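This briefing goes through the contacts in the structure shown below, taking the domains, the protein chains and the DNA in turn.

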Number of protein chains: 2
Amino acid sequence: MTITIQSVSSTELERCARPIVAVDLVIVAMQSGALSVLLHRRTEPPFEGTWALPSGVLDVANQGWQGESIAEAARRIFEYQTGIASASCHFASLGAFGRVGRDPRTRVISMGWLVGVSPEQAARVDTDLTCWSAIANEVPWLRLAFDHAEIIATAEATIGTTDATSLALSLVSQPFTVADLRGAYEAVLGRPQDARNFRRKFQRLVDIGTVVASGDKRHQGKSRPANVWRAAADQTNP
Amino acid sequence: MTITIQSVSSTELERCARPIVAVDLVIVAMQSGALSVLLHRRTEPPFEGTWALPSGVLDVANQGWQGESIAEAARRIFEYQTGIASASCHFASLGAFGRVGRDPRTRVISMGWLVGVSPEQAARVDTDLTCWSAIANEVPWLRLAFDHAEIIATAEATIGTTDATSLALSLVSQPFTVADLRGAYEAVLGRPQDARNFRRKFQRLVDIGTVVASGDKRHQGKSRPANVWRAAADQTNP
DNA sequence: GCAATAGTGTCTTTCAGACAATATTAG
DNA sequence: CTAATATTGTCTGAAAGACACTATTGC
């Protein structure tokens, strides 16, 4: 038996039911040396009173034509929810989360995005109905709204398998010392990094131009001053 | 200035415009030693007469409640379009493709999926309005419908960066010889593999149980018979 | 014996991880 | 001089790539 491949007809395309497409943000920052996720407390059903990821709905009709791209939506919703300019932040897609029933109201396909922000940026977020929860802390995950625990688990897996450099660079204040960046790597990778081996890895980042010397030095207390560095301009992933 | 994070309200969720969510399949198979992609010729606008990837629309309302998950949709549409049982095939998500204007009719967010099929399965697909096009062949990509050239480019990038083992195992007939699998690796990686170094890599797959000896031997023409092997049962990615 | 493919071992390079000593500042 | 942090170099093991020979079959 052979099969002939068929296209979706235009009439079928017009008639068929459509889901909502949303964006869920896993916004991470360093809090006292560990990775934390930004959560906010829901004030209406469903899941009223539980913690949830910041999110928003993809714009399909505005801006004159078909709305905005998914990456644009992620940045717009991030800026709307946090007030932070997205240009200096690291964005990485976590894929689609489309389980049936993940939102009991209607069918929602959500695109997960991982966003890394610096300590200064993180400090600007209002903590009224929000909190930064350590990602290693298992307790709150059990009671998160929707499938947000699954999205955070995917974020953890993505963080663990992709190159840590872009994310770590987005988590440190600019400019930074080698020790600062090493701390970010340790937060991202979840394990201590040997200072000497890390310096070798850092040197490779210098050699390929990912980080550049700022020329200044910085010293804290009574110790030898450290050289300070900056991420090269093109470190954000669109 | 501080910002308070807000949830999407239920009324906004009901009112807002919704996109179509679709699935585009990059179905790959080995054709005379090289990777090929299954294309079909469109018979209606838009892009009438041009080549396109097999695709379908996510089911949101049927099956009683909210329809099907994205992975279920990918397998359903694959089986509908090819007649091949999806259980023995390798599925990997390529992410979302949601550029504004990618479909001129209406806003469509498409989930790309990479599917690897064996030569026997590939041979079952009718070649009436379809073709297997070598993935290294640049010419047809220029004239593909929608953003399907971009999806195939993403598939190539994904193939080049992820571990080739699962995909290669899905591309060979079962059972297979070491030389068969090496040919699949060469097609996937796009470069020749040294037989001796590959045997060492293969031995690691045996050691961790990814492939198991079938016990038989196979010989072609006048040469020494080769041992034949099988992929372990749990090689498909859902 | 000859043709053809299957299967095995060694050397080198590269990268990651374990490990200790020296350098520069404030006090 | 002491405290504190910054910076640098060596050894070792794992894995990948380059490379040549032996083994088993049909004819």
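Predicted model: local features only at pLDDT ≥ 70, side-chain atom pairs only at ≥ 80, totals over all residues.

## Domains, chain contact and DNA surface

An automatic or database domain assignment divides chain A into domain 1, covering 17-161, and domain 2, covering 165-231.

**Between the domains of chain A**

- The C-alpha centres of domain 1 of chain A and domain 2 of chain A are 28 Å apart, and the contact between the two draws on 14 residues from domain 1 of chain A and 10 residues from domain 2 of chain A.
- About 930 Å² is buried between domain 1 of chain A and domain 2 of chain A, with 69% of that area on carbon and sulfur atoms.
- Of the area that domain 1 of chain A buries against domain 2 of chain A, 46% is supplied by Met30(A), His90(A) and Ile159(A), which is more than any other three residues supply.
- The count of salt bridges between domain 1 of chain A and domain 2 of chain A is 0, while 2 residue pairs, both residues at pLDDT 80 or more, are found in polar contact across this interface.
- On the side of domain 1 of chain A that touches domain 2 of chain A, the elements giving two or more residues are strand 1, strand 2, strand 6 and helix 3 (119-123) of chain A, and strand 1 of chain A provides the largest share, with 3 residues.
- The residues on that side of domain 1 of chain A comprise 9 nonpolar, 4 polar and 1 charged.

**Between chain A and chain B**

- Ile5(A), Arg18(A) and Gln66(A) together supply 15% of the area that chain A buries against chain B, more than any other three residues.
- Between chain A and chain B the count of salt bridges is 0, whereas 8 residue pairs are in polar contact across the interface, again with both residues at pLDDT 80 or more.

**Around DNA strand C**

- There are 21 residues around DNA strand C, and those that come nearest are Arg196(A), Arg200(A), Arg204(A), Arg224(A) and Arg196(B); sugar and phosphate make up 45% of the atoms of DNA strand C that come within 4 Å of the protein.
- Base nitrogens of DNA strand C lie 2.9 Å from a polar side-chain atom of Arg196(A) and 3.0 Å from a polar side-chain atom of Asn197(A), while an N or O atom in the side chain of Arg204(A) is 2.6 Å from a phosphate oxygen of DNA strand C.
- The elements giving two or more residues to the surface near DNA strand C are helix 7 (195-207) of chain A, along with helix 7 (195-207) and strand 9 (226-231) of chain B, and the largest share, 4 residues, is that of helix 7 of chain A.
- The residues of this surface near DNA strand C are 4 nonpolar, 6 polar and 11 charged.

Conventions
Residues numbered from 1 in each chain as written. Chains lettered and ligands numbered in written order. Heavy atoms only, no water. Buried area = accessible area lost by both parts, 1.4 Å probe. Salt bridge = Lys/Arg side-chain N within 4 Å of Asp/Glu carboxyl O. Polar contact = N/O pair within 3.5 Å; in protein donor to acceptor, adjacent residues only side chain to side chain. Near = heavy atom within 4 Å. Nonpolar A, V, L, I, M, F, W, Y, C, P; charged D, E, K, R; others polar. Domains from an automatic or database assignment. Contact = heavy atoms within 4.5 Å.
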